[in-house]
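Me: Please go through the helix packing and the nonpolar cores of this model.

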Amino acid sequence: MNMHTPLLTGFLALMTSLPGCSGPDESSTDQWFADQRWVHRMLVFTDVAPDAGRQRALLEDREEALLDRNLLVIELESEQTTLITGRAPGRPDAKAFRTRFDLPSDRFELVLVGKDGRVKRRRTEPMQPDELWSIIDAMPMRIDEMNRRTN
């Protein structure tokens, strides 16, 4: 073992224990999720082939319907997130989404998250747009949104 190894190990332990040195700050991650509450619904899915590609293809050219439902579509890669639809700057990394919504990294899974921040649906296969619309359009907040538009 190199004589610098213990010194380097101690330095790394110290640096990762300091705020802001271990990746995204947990409080800023919590704040990001809090900021989405009551503003956006989310469809979050893991980037595991081939189902992730199928899910992306199913939602392709559906941006207007997704945005109308205030839906952020987020794909979790190994470390990063890809925002497929919507606008949400400063997103947490994939680990934060996996932890918050109990999503695996080794297989496809998706969650539909309501505006209240809670998981409304969990699936292990891609979701068809019509099924997604019917679930969202039956939510009380969505019904209220549609009623306000017609009045």
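Reply: Angles of 65 to 115 degrees count as roughly perpendicular, and those under 35 degrees as roughly parallel. The model is a predicted one.

Me: How are helix 2 and helix 5 oriented to each other?
Reply: The axes of helix 2 (residues 26-36) and helix 5 (residues 94-101) come within 11 Å and cross at roughly 65°. Helix 2 passes helix 5 in a right-handed crossing. Helix 2 and helix 5 are therefore roughly perpendicular to each other.

Me: How do the residues of the contact of helix 2 with helix 5 divide into nonpolar, polar and charged?
Reply: Helix 2 contributes Thr29, Asp30, Trp32 and Phe33, which meet Ala96, Phe97, Arg100 and Phe101 of helix 5. By class, the residues of this contact are five nonpolar, one polar and two charged.

Me: Which element gives the largest share of the largest nonpolar core?
Reply: That core has 17 residues, and Leu43, Leu66, Leu71, Val73, Leu112 and Leu132 have the most contacts inside it. Two or more residues each come from strand 1 (41-46), helix 3 (51-59), strand 2 (71-76), strand 4 (110-113) and helix 6 (129-137). The largest share, four residues, is that of helix 6.

Me: How many residues does the other core have, the one that lies apart?
Reply: Beyond its neighbours within four places in sequence, Leu43 is in contact with residues including Leu71, Val73, Leu112 and Leu132. Leu72 and Val111 are also among the contacts of Leu43. Leu72 and Val111 belong to the other core, along with Leu76 and Ala94 among others, and the size of that core is 14 residues.

Key
Residues are numbered from 1 along each chain as its sequence is written. This is a predicted model: local features need pLDDT of at least 70, side-chain atom pairs count only at pLDDT 80 or more; totals for chains, interfaces and linings use all residues. Side-chain values use heavy atoms; hydrogens and water are left out. Axes are lines fitted to C-alpha atoms, for helices over the stretch in contact, and angles run from 0 to 180 degrees between N-to-C directions. Angles under 35 degrees count as roughly parallel, over 145 as roughly antiparallel, 65 to 115 as roughly perpendicular and the rest as oblique. A crossing is left-handed if the near helix is turned anticlockwise from the far one by less than a right angle, and right-handed if clockwise. Contact means heavy atoms within 4.5 Å. Ala, Val, Leu, Ile, Met, Phe, Trp, Tyr, Cys and Pro count as nonpolar, Asp, Glu, Lys and Arg as charged, and the others, Gly among them, as polar. A nonpolar core is a set of buried Ala, Val, Leu, Ile, Met, Phe, Trp, Tyr and Cys residues joined through side-chain atoms within 4.5 Å. Buried means under 20% relative accessible area, exposed over 50%, partly exposed in between (1.4 Å probe, protein chains only).
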